[in-house]
Protein chains: 2
Amino acid sequence: MKEKDEKTEVRILEAAKEVFTKHGLYGARMQEIADIAGINKALLHYYFRNKEKLFDAVFEGALKKYFEQMMVIGDTSLPVKERLFVFVDNMFTFLEEYPMMAIFILKEVTLNPDVFRQKIKQIKSNQPFLIDVLQDAMDKKEIKSFDPFVFMINLQSLCAYPFIAGPIYKNMFISHGYDWGNTHDNIEKIKDSVKEFITFKFQ
Amino acid sequence: MKEKDEKTEVRILEAAKEVFTKHGLYGARMQEIADIAGINKALLHYYFRNKEKLFDAVFEGALKKYFEQMMVIGDTSLPVKERLFVFVDNMFTFLEEYPMMAIFILKEVTLNPDVFRQKIKQIKSNQPFLIDVLQDAMDKKEIKSFDPFVFMINLQSLCAYPFIAGPIYKNMFISHGYDWGNTHDNIEKIKDSVKEFITFKFQ
DNA sequence: TTATAGTTTAACCAAATGGTTAATTTTTGG
DNA sequence: CCAAAAATTAACCATTTGGTTAAACTATAA
């Protein structure tokens with residue numbers, strides 16, 4: 001049972017997010033969601049008619065947040081390189097908060113891409129896409145020319161994967177007698193290495 | 001029903017791998033595994049006493065394969081840089097074949113790290129670890145000095161993430177009117193960019 | 001106060017699920 | 001060829017699952 005003053009619908013959504021994230025649509029149990037939300041199972045169906053509807057309600061928000069973070073770059077007046085640094089900082093902040101959501105979304109989208117095509121399409125933003133910003137800077141000869149598509153994937157790989165694979169690395173390192181140290185410190189080191197990669201790419 | 005001449009146990013393991021990969025231990029259905037294997041559900045329990053036992057049987061092999069690929073570097077007589085190129089080639093070949101397994105393992109390990117600590121520990125290899133090879137080359141001044149731990153994560157990020165997030169990118173690009181082109185060609189481009197990263201890091 | 005709409009619950013239900021049993025078919029070895 | 005062992009199946013079973021129903025509680029507003 002969570003805080004009593006919180007609105008039931010919010011509690012349900014939080015609980016559902018937790019359970020769906022852990023087990024996916026298929027493996028999630030309505031009873032577990034109800035338990036975590038501290039309510040009766042029937043009330044779940046009162047607020048969200050069925051499992052898929054509840055899943056959609058939880059998921060739509062998360063997906064939007066994720067893609068906005070992944071694709072969009074803040075529209076400031078800074079030079080491109082500085083904007084990318086801000087982008088990296090945002091990515092790390094976001095991923096440190098939602099590491100499980102990242103892997104969950106990746107898996108769900110991978111499993112049935114067609115279901116998500118519609119939802120991804122709907123996500124619009126008034127901020128420019130990373131890839132367009134890069135292309136623009138290249139056209140203006142502000143930065144060295146390279147494939148912005150490959151660069152974007154490289155960049156997101158360097159940011160996202162350490163979070164996705166974090167637990168594996170930790171286990172592996174400790175198992176094999178390496179020193180893991182403080183997790184946040186390691187994340188900072190990795191963040192720096194990403195910025196180093198940007199600097200390298202920009203000449 | 002799959003090929004009749006294949007041994008039942010193998011067919012079960014293949015079917016189980018497929019279903020567990022899609023839905024995880026929690027969401028997988030024994031009936032679906034039986035159907036895909038083309039057998040009775042009771043026969044499943046005849047070969048593997050219960051769901052967890054079957055899961056373990058499937059998973060143990062996959063986990064081993066995955067970690068050996070991820071951690072280990074071929075012990076050839078080539079210089080370190082060339083050995084890393086071979087490592088990258090192997091990673092891409094492996095991931096192109098098992099893209100779903102990668103994300104599956106990542107999620108399962110992330111969900112309950114403690115369960116996998118034991119299994120990961122058991123995986124031994126007679127080939128040296130990437131991280132040790134790098135440290136050795138640095139000690140011998142063969143390559144520029146940097147943090148081998150961060151480098152290993154960077155390298156694996158650049159290799160693995162494009163496969164994990166592949167379907168997302170494809171959807172996103174097409175949705176926003178970019179040209180995706182041929183998937184394998186894109187993979188080759190990304191592979192080249194990883195090698196470029198190695199070259200940059202090695203001076 | 002009281003009628004009303006919104007919220008929450010206990011008790012159900014039909015279907016699905018993991019697992020078992022006992023019988024049947026197939027393979028094996030003498 | 002035959003009997004023992006191994007492989008396979010149909011028919012079950014107990015429990016869990018998503019979902020429903022009807023009643024009860026609570027806030028609201030006239």
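I worked on a predicted model, where local features need pLDDT of at least 70, side-chain atom pairs count only at pLDDT 80 or more, and totals for chains, interfaces and linings use all residues. Residues are numbered from 1 along each chain as its sequence is written, chains are lettered from A and ligands numbered from 1 in written order, and side-chain values use heavy atoms, without hydrogens or water.

**DNA strand C.** I looked up the residues near the strand (a heavy atom within 4 Å of it). There are 15, and Tyr47(A), Arg29(B), Met30(B), Lys41(B) and Lys51(B) come nearest. I then checked polar contacts (N or O atoms within 3.5 Å). A polar side-chain atom of Thr8(A) sits 3.2 Å from a phosphate oxygen. Backbone polar atoms also reach phosphate oxygens: Asn40(A) at 3.2 Å and Met30(B) at 3.0 Å. α3(A) gives the most to this surface, with 4 residues.

**Chain A against chain B.** I counted contacts (heavy atoms within 4.5 Å). They join 60 residues of chain A to 60 of chain B. I took buried area as the accessible area (1.4 Å probe) that two parts lose on being put together, summed over both. It is about 5800 Å², 71% of it on carbon and sulfur atoms. Tyr26(A), Lys107(A) and Tyr161(A) supply 12% of the area that chain A buries here, more than any other three residues.

I searched for salt bridges (a side-chain nitrogen of Lys or Arg within 4 Å of a carboxyl oxygen of Asp or Glu). The interface has 4. One of them pairs Lys201(A) with Glu196(B), closest N and O atoms 3.0 Å apart.

Notes. A polar contact is a pair of N or O atoms within 3.5 Å; within protein, one must be able to donate a hydrogen and the other to accept it, and residues adjacent in sequence count only if both atoms are side-chain atoms. Helices (H or I, at least four residues) and strands (E, at least two) are DSSP runs, numbered from the N terminus.
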